[in-house]
Amino acid sequence: MTLPGSVHAAGLPYQDPSLPVATRVADLLSRMTLDEKIGQMTQAERGSASATDVTTYRLGSILSGGGSAPTPNTATSWADMYDSFQTGAMATPLQIPMIYGVDAVHGHNNVVGATIFPHNIGLGATRDPALVQQIGQAVAEEVSGTGIDWDFAPCLCVARNDRWGRTYESFGEVPSIASSLSTIITGLQGTSLNGPSSVLATAKHYVGDGGTEGGDDQGNTVLSEADLRAIHLPPFQAAVQRGVGSVMISYSSWNGVKMHGNKYLITDVLKGELGFSGFVVSDWNGIDQIDGTTGFTAAEVTAAVNAGIDMVMVPTAWKNFITTLRAEVANGHVPLSRIDDANRRILTKKFELGLFEKPYTDRSFTATVGSAAHRTLARQAVRQSQVLLKNAGNVLPLAKDNNKIFVAGKNADNIGNQCGGWTISWQGSSGNITPGTSILQGIRAAAGPGTTVTYSQRGSGIDSTYKVAIAVVGETPYAEGQGDRTGTMSLDRDDLRVINTLRGKGVPVVVVLVSGRPLDIATELPNWNALLASWLPGTEGAGVADVLFGDYKPTGKLPSTWMTSVSQQPINDGDGKTPLFPLGYGLTYP
Ligand code: GLC
């Protein structure tokens with residue numbers, strides 16, 4: 001299908017793919033007006049801009065915020081939406097393609113039917129860089145199949161306080177795990193950005209987002225520069241070495257200074273010392289926070305752009321941003337050289353992605369969304385992410401045949417709960433939100449001849465004839481600050497009640513913990529026969545059953561130190577506190 005806009009090629013140098021990218025960038029830049037340059041630096045949310053706006057205001061980028069999807073929410077509908085915005089870009093005089101960003105942080109998680117992989121904390125437990133690279137490749141195929149060419153992932157945060165609502169977006173509490181699993185960038189981008197399914201990756205959130213006091217999301221990270229560099233910077237060095245195309249700035253502050261205005265760390269360290277040659281994007285309305293008041297001022301626009309932010313994620317007030325930045329250039333507060341540098345960085349990635357040659361969706365990847373092959377890969381990732389923390393009397397693995405198994409708990413048969421936040425909607429939600437296999441369905445499928453599997457969420461009906469009871473408990477979905485836990489970190493009353501109901505009949509109890517972080521369970525643990533940390537496994541819950549029945553012997557290792565009590569938070573390897581389970585702990589079967 002020849003879409004409009006792809007026939008205007010005037011044969012100008014920047015439109016010649018045989019020329020070096022730097023040559024094409026220089027030629028294009030020389031033809032651009034200031035408005036066109038400012039447009040390239042502007043990212044608007046899909047709900048607040050139209051394809052006509054892309055044309056009129058020369059918008060360089062569109063994003064979907066978490067859960068912002070077309071109707072119907074199908075892969076084809078996403079691709080049609082993407083192509084519509086792109087025709088808006090192709091209708092501009094210079095036909096600079098727009099780039100569209102989404103948070104595909106554990107699969108193409110905004111899209112119903114997409115494969116949902118374990119969240120990063122579970123991938124951290126695998127310690128398997130090759131597996132994680134394969135996941136990046138699979139996610140890139142599903143994202144490309146919907147037209148999207150930019151993924152705001154991976155989060156390379158180093159979560160130091162489990163109270164933080166984004167702990168599950170972290171690969172672990174030490175930088176070495178995130179650095180080693182930055183292979184996901186190569187999976188997403190390919191070995192070169194112009195691969196058929198390549199999407200631009202984003203190392204986020206630069207820098208120190210996981211180190212805030214009290215685990216307060218968007219809070220203040222109080223650290224010496226030496227400690228900031230030792231704990232939070234290494235994963236970004238690894239990402240830059242892998243050629244990550246973009247970096248997103250953290251909402252958090254470092255020693256009281258908002259990252260979105262920190263020229264030293266963004267320009268001198270990230271771009272200068274680390275040699276990052278991609279482009280820097282702000283977080284959602286992140287520039288508004290620089291002065292601590294709502295909305296953005298001219299001073300904040302200037303501070304952010306002069307600090308080294310190249311593209312501004314200004315979801316709704318993007319017209320005001322364009323007007324303000326234009327005025328700040330006119331009055332000399334923002335030098336044209338900074339505008340040109342930002343454009344060179346953005347255009348370089350658009351050329352490298354091949355967007356000028358292939359601006360529209362490659363529909364050959366659309367069928368990969370939720371494909372059997374990707375679900376098989378996700379199930380393997382689930383297996384490898386399970387961490388066995390207790391197995392008294394080798395109650396695990398379960399016998400498949402001639403067994404009598406009772407399953408209970410709010411997270412046993414709930415796809416939404418096992419996927420967690422950033423799934424279909426921003427915060428995620430309980431229930432059958434997208435096609436997948438619940439943990440209970442996985443258990444039923446694995447059970448062999450002569451075996452009974454009974455399920456009651458609340459545990460009613462349990463009796464002493466059952467040989468084992470499995471309580472699948474933990475957390476319900478949340479994202480970002482809404483997941484911050486400032487009080488207790490224990491299981492909720494329903495979970496504790498269910499477990500006690502099961503224990504009350506003298507049946508051995510296996511607890512499967514579906515949560516985005518370690519929880520405060522030390523006082524209950526002695527009453528449990530076994531404990532399996534499942535983290536947030538995603539749509540392929542059968543991978544949990546594979547471990548429960550021994551089809552896969554657990555190999556997962558804790559990516560985070562497990563507290564003995566919530567009063568220990570933050571608790572991290574080497575801090576002298578005595579954990580319930582140390583970083584790296586994990587049992588297997590004899
Ligand atoms: C959010 C998150 C960031 C995400 C962005 C776009 O607030 O902080 O991780 O990429 O906005 O959804």
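**Helix packing and the domain interface**

In this predicted model, helices α12 and α13 are roughly perpendicular to each other, because their axes cross at roughly 75 degrees and angles of 65 to 115 degrees count as roughly perpendicular. Helix α12 covers residues 298–307 and helix α13 covers residues 318–330, and their axes come within 9 Å. On the α12 side the contact involves Ala 298, Val 301, Thr 302 and Val 305. These residues meet Phe 321, Thr 324, Leu 325 and Glu 328 of α13. By type, the residues of this contact divide into five nonpolar, two polar and one charged.

At the level of the whole chain, the protein is divided into domain 1, residues 31–358, and domain 2, residues 386–568. The centres of the two domains, taken over C-alpha atoms, are separated by 34 Å. In the interface, 38 residues of domain 1 are in contact with 38 residues of domain 2.

The size of an interface is often given as the accessible area lost when the parts come together. For domain 1 and domain 2 the buried area is about 2,800 Å², with 51% of it on carbon and sulfur atoms. Within domain 1, the residues that lose the most area to domain 2 are Asp 162, Arg 163 and Tyr 168, which together account for 25% of what that side buries.

How many salt bridges does the rule find across the interface of domain 1 and domain 2? It finds one. Elsewhere in the list of side-chain pairs, Arg 166 and Glu 480 meet in a salt bridge with an N to O distance of 3.6 Å.

Key:
Residues numbered from 1 in each chain as written. Predicted model: local features only at pLDDT ≥ 70, side-chain atom pairs only at ≥ 80, totals over all residues. Heavy atoms only, no water. Axes fitted to C-alpha atoms, helices over the stretch in contact; angles between N-to-C directions. Helix = DSSP H or I, 4+ residues; strand = E, 2+ residues; numbered from the N terminus. Parallel < 35°, antiparallel > 145°, perpendicular 65-115°, else oblique. Contact = heavy atoms within 4.5 Å. Nonpolar A, V, L, I, M, F, W, Y, C, P; charged D, E, K, R; others polar. Domains from an automatic or database assignment. Buried area = accessible area lost by both parts, 1.4 Å probe. Salt bridge = Lys/Arg side-chain N within 4 Å of Asp/Glu carboxyl O.
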